Amino acid sequence: MSATSSRTSATPISLATRDATSSSGVVSGHSSVPFSSSVCEHDPDIYEIPASALHVDTGQQVMEVPIHQHRKGQLVIALHGVVTSRVPEGLWMVPPHSGVWIPGNLPHSNHLTRGGRVCHLFIEPGALEMPSHSCTLSISPLLRELVLRLAELPQPYPEQGPTARLVDVLLEELACMPSERLHLPLPEDPRLTRISDALIKTPDDRRTLAEWASELAMSERTLARLIQRDTGLSFSRWRQQLHLVVAIRLLAEGMSVQRVSEDVGYQSVNAFISMFKKLLGTTPARYLQEREQRRSGSERPQEVT
């Protein structure tokens, strides 16, 4: 049995918070504290160590961490379920075995689906050169296991020692992770927010640009210009990106391609697959297979039926 599978069936790892600090000043990764308070009260900036980690298991709860920020950069790794992170420039939906990078001092919120498992990796500024903007990263099995192991270890840790050496390997592996296109830019204009909120809630909404312009009491040309200004995309391209992000989330949750195509408003599976392949360069089936191969560490391609 792999280390991952044994952790999945084990009792969820409790989280360490400022309240769980022992008299020695060491926070143990096994401190027993309530789930909700652990997530919201944990202060990653309390120690100036290169990296620290938290392993979160929501159980039957839906995790909603409101807008906050911290000095350290944060990598949110989805282990099971789907993470949705909001930052000022957009929305990131992260399926299992991917992560969203959030630079330090950037306001953000996180949402994790019921039954989800996630690991938070906090990186001290200067410990590793990371993107200055939010992005999604593919997560290798090795990186996943290193972060999970770090989450189990006491913090802080000595500058020289086993934990410090583990962190060195972790940061080297993190530097090699490729980015993925799972970003949905969100408009800032309040009028456009009405559109984005509606489409995120009901992605199968097929109202045209002209119909939205009429509802917002503006010309179609004005609305098109505002959307391009705020998102950098045309209305049709922006909606396609929303469909892609939502579709990946639903596929990762185990929904069939047929059902996903219906839920995002496509009249035929072929049309949905064409859109998916146009934006990601591969079919939904191949995309899921490649993700599973990355998760398991397999490199040998298999037949996709």
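Visitor: Which helices do the buried residues of helix 5 pack against?

Guide: The buried residues of helix 5 pack against helix 6 (209–215), helix 7 (220–231) and helix 8 (235–252). Keep in mind that this is a predicted model.

Visitor: Which residues of helix 5 are buried?

Guide: Leu192, Ile195, Ser196, Ala198 and Leu199 are the buried residues of helix 5. They cover an arc of only 165° around the axis, so they sit on the same side of helix 5.

Visitor: Which exposed residues does the face turned away from the buried side carry?

Guide: That face of helix 5 carries the exposed residues Pro190 and Lys201.

Visitor: How far apart are the end C-alpha atoms of helix 5, and what span should its 12 residues have?

Guide: Helix 5 covers residues 190–201. At 1.5 Å a residue, its 12 residues should span 16 Å. The end C-alpha atoms are 17 Å apart, which agrees.

Visitor: What does Asp189 do at the start of helix 5?

Guide: A side-chain oxygen of Asp189 comes to within 2.8 Å of the backbone nitrogen of Arg191.

Visitor: What describes two packed helices?

Guide: The angle between their axes, and the distance between the axes. Now the case here. Helix 5 and helix 8 pack at about 35°, and their axes are 11 Å apart. Helix 5 passes helix 8 in a right-handed crossing. On the helix 5 side, the contact is made by Ile195, Ser196, Leu199 and Ile200. Helix 8 contributes Phe235, Trp238, Arg239 and Leu242.

Visitor: At what angle do helix 3 and helix 4 pack?

Guide: Helix 3 and helix 4 (residues 162–174) pack at an angle of about 145°. Their axes are 10 Å apart. Helix 3 passes helix 4 in a left-handed crossing.

Visitor: Which residues of helix 3 and helix 4 meet?

Guide: From helix 3, take Leu142, Leu143, Leu146, Val147, Arg149 and Leu150. They meet Thr163, Leu166, Val167, Val169, Leu170, Glu173 and Leu174 in helix 4.

Visitor: Where is Ser140?

Guide: Ser140 is in the loop between strand 9 (135–138) and helix 3 (141–152).

Visitor: Is Ser140 buried or exposed?

Guide: Compare its relative accessibility with the cut-off: buried means under 20%. Ser140 is at 15%, so Ser140 counts as buried. Leaving aside neighbours within four places in sequence, Ser140 is in contact with Glu173 and Met177.

Visitor: How does Ala210 count at 37% relative accessibility?

Guide: Ala210 lies in helix 6. At 37%, Ala210 counts as partly exposed. Ala210 and Leu223 are 13 residues apart along the chain, and 8.6 Å separates their C-alpha atoms.

Visitor: Which residues is Tyr287 in contact with, leaving aside its neighbours within four places in sequence?

Guide: Start with its place: Tyr287 lies in helix 11 (residues 284–296). Tyr287 is buried, with a relative accessible area of 9%. Its contacts, with those neighbours set aside, are Glu180, Leu182, Ile248, Phe276, Leu280 and Thr282. Take Ile248 from that list. Tyr287 and Ile248 are 39 residues apart in sequence, and 9.2 Å apart in space, C-alpha to C-alpha.

Visitor: How many helices and strands does the protein have?

Guide: The protein has 11 helices and 11 strands. Of its 305 residues, 51% count as buried.

Visitor: Among contacts between residues at least 6 apart in sequence, what percentage join residues at least 24 apart?

Guide: In this protein, 71% of those contacts do.

Methods. Residues are numbered from 1 along each chain as its sequence is written. This is a predicted model: local features need pLDDT of at least 70, side-chain atom pairs count only at pLDDT 80 or more; totals for chains, interfaces and linings use all residues. Side-chain values use heavy atoms; hydrogens and water are left out. Helices (H or I, at least four residues) and strands (E, at least two) are DSSP runs, numbered from the N terminus. The expected span of a helix is 1.5 Å times one less than its number of residues. Buried means under 20% relative accessible area, exposed over 50%, partly exposed in between (1.4 Å probe, protein chains only). The arc is that of the directions from the helix axis to the C-beta atoms. Contact means heavy atoms within 4.5 Å. A polar contact is a pair of N or O atoms within 3.5 Å; within protein, one must be able to donate a hydrogen and the other to accept it, and residues adjacent in sequence count only if both atoms are side-chain atoms. Axes are lines fitted to C-alpha atoms, for helices over the stretch in contact, and angles run from 0 to 180 degrees between N-to-C directions. A crossing is left-handed if the near helix is turned anticlockwise from the far one by less than a right angle, and right-handed if clockwise.
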